Amino acid sequence: DLPGFNTDRPEDDIISNRETGKAEILIFLSQANGFMKKHEFEYLLEAIKRLKIVEKKGKNSFTPLNNLFVLASHADNIPTEDDRTFILGSAVDRLNKVIPDGYWDNRTEVSEYEYNKKELLKRFFSYSNTNIKIRSEFEMNLRNIVEEITSYTYNVSIDEYKNFTSYYSEELENEINELDGILKERD
């Protein structure tokens, strides 16, 4: 849970930017009325760049960007589902226009997925504290990723520890051999 950004406190921006890269899942909220203003697009683009790439085509069940959730909060203030859908789609259109060329290249290289407007739209949701129907799609998606990411994170950690141990075991073995050689030479 990070502080807001573009507030009266510059340290909030620093904390938000620094900590976003550590997140397994990013939930970004913007009020449905006035959804996704310019400064929010800028922050979101930076946050997506820093968001861990968990999806790997053919290697796990994660789909493109499924650890990203962009929520139009207080969506119960928007009268109809069509209006809410329009607000989300319009935000994705505007975001898509400001995404720089080559923005998705690194993510595509790692995941082997293509990123486009259609995939981005799947990550935008309406949210309401009071209306279960409005937030149900978000909650279902969040529940799925939380269940999956736990075992994913565990497996990634185990692999990293094995690689770390293997690498340093070889390094230590070389160091020991070198020190043994020095001792034998001195003898």
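Helices (H or I, at least four residues) and strands (E, at least two) are DSSP runs, numbered from the N terminus. The model is a predicted one, in which local features need pLDDT of at least 70 and side-chain atom pairs count only at pLDDT 80 or more, while totals for chains, interfaces and linings use all residues. Residues are numbered from 1 along each chain as its sequence is written, and side-chain values use heavy atoms, with hydrogens and water left out.

Glu55 has a relative accessible area of 0% and so counts as buried; here buried means under 20% relative accessible area, exposed over 50%, and partly exposed in between, with a 1.4 Å probe and protein chains only. Not counting residues up to four places away in sequence, Glu55 touches Asn60, Phe62, Thr63, Pro64, Leu65, Asn67, Arg107, Ser111, Tyr113 and Tyr115, where contact means heavy atoms within 4.5 Å. Two polar contacts can be named for this side chain. One is with the side chain of Tyr115, at 2.5 Å; in the other, a polar atom of the Glu55 side chain lies 3.3 Å from the backbone nitrogen of Leu65. A polar contact is a pair of N or O atoms within 3.5 Å; within protein, one must be able to donate a hydrogen and the other to accept it, and residues adjacent in sequence count only if both atoms are side-chain atoms.

Glu55 also has a charged partner. Side chains of opposite charge can pair when their charged atoms come close. The side chains of Arg107 and Glu55 form a salt bridge, at 3.0 Å from N to O. This pair links distant parts of the chain, with Arg107 in helix α4 (residues 105-111) and Glu55 in the loop between α2 and β2, 52 residues apart. Arg107 and Glu55 are both buried. The criterion for a salt bridge is a side-chain nitrogen of Lys or Arg within 4 Å of a carboxyl oxygen of Asp or Glu.

A search of the whole structure finds eight salt bridges. One of them joins Glu24 and Lys52, whose closest N and O atoms are 3.0 Å apart. Glu24 lies in the loop between α1 (10-20) and β1, and Lys52 in the loop between α2 (38-50) and β2, so this pair ties together parts that are 28 residues apart in sequence. Glu24 is partly exposed at 23% relative accessible area, and Lys52 is partly exposed at 32%. Another salt bridge is between Glu119 and Lys122, at 3.4 Å from N to O. Glu119 is buried at 15% relative accessibility, whereas Lys122 is partly exposed at 43%.

The aromatic residues come next. The search of the whole structure finds eight aromatic pairs. Rings of Phe, Tyr and Trp (its six-membered ring) pair if their centres lie within 6.5 Å; planes under 30 degrees apart count as stacked, over 60 as edge-to-face and the rest as tilted. The rings of Trp104 and Tyr115 have centres 5.2 Å apart and planes at 15°, so they are stacked. Trp104 is in the loop between α3 and α4 and Tyr115 in the loop between α4 and α5 (117-121), eleven residues apart. Trp104 is buried at 13% relative accessible area, and Tyr115, the residue in polar contact with Glu55, is buried at 7%.

Tyr127 and Phe138 form an edge-to-face pair, 5.6 Å centre to centre with 85° between the planes. Tyr127 sits in the loop between β3 and α6, and Phe138 in helix α6. Tyr127 is buried at 18% and Phe138 at 6% relative accessibility. Phe69, Phe125, Tyr127 and Phe138 form one aromatic cluster.

The loop between β3 and α6 also holds Asn129, which is exposed at 59% relative accessible area. The side chains of Asn129 and Tyr127 are joined by a polar contact of 3.4 Å. Asn129 and His74 are 55 residues apart in sequence and 7.2 Å apart in space, C-alpha to C-alpha.

Helix α6 (residues 132-186) has 55 residues. Asn131 caps its N-terminal end, with a side-chain oxygen 3.0 Å from the backbone nitrogen of Lys133. The buried residues of α6 are Ile134, Arg135, Phe138, Ile145, Ile149 and Tyr152, and these pack against β1 (26-31), β2 (68-73), α3 (81-98) and β3 (124-126).

Definitions and conventions
Expected span 1.5 Å × (residues − 1).
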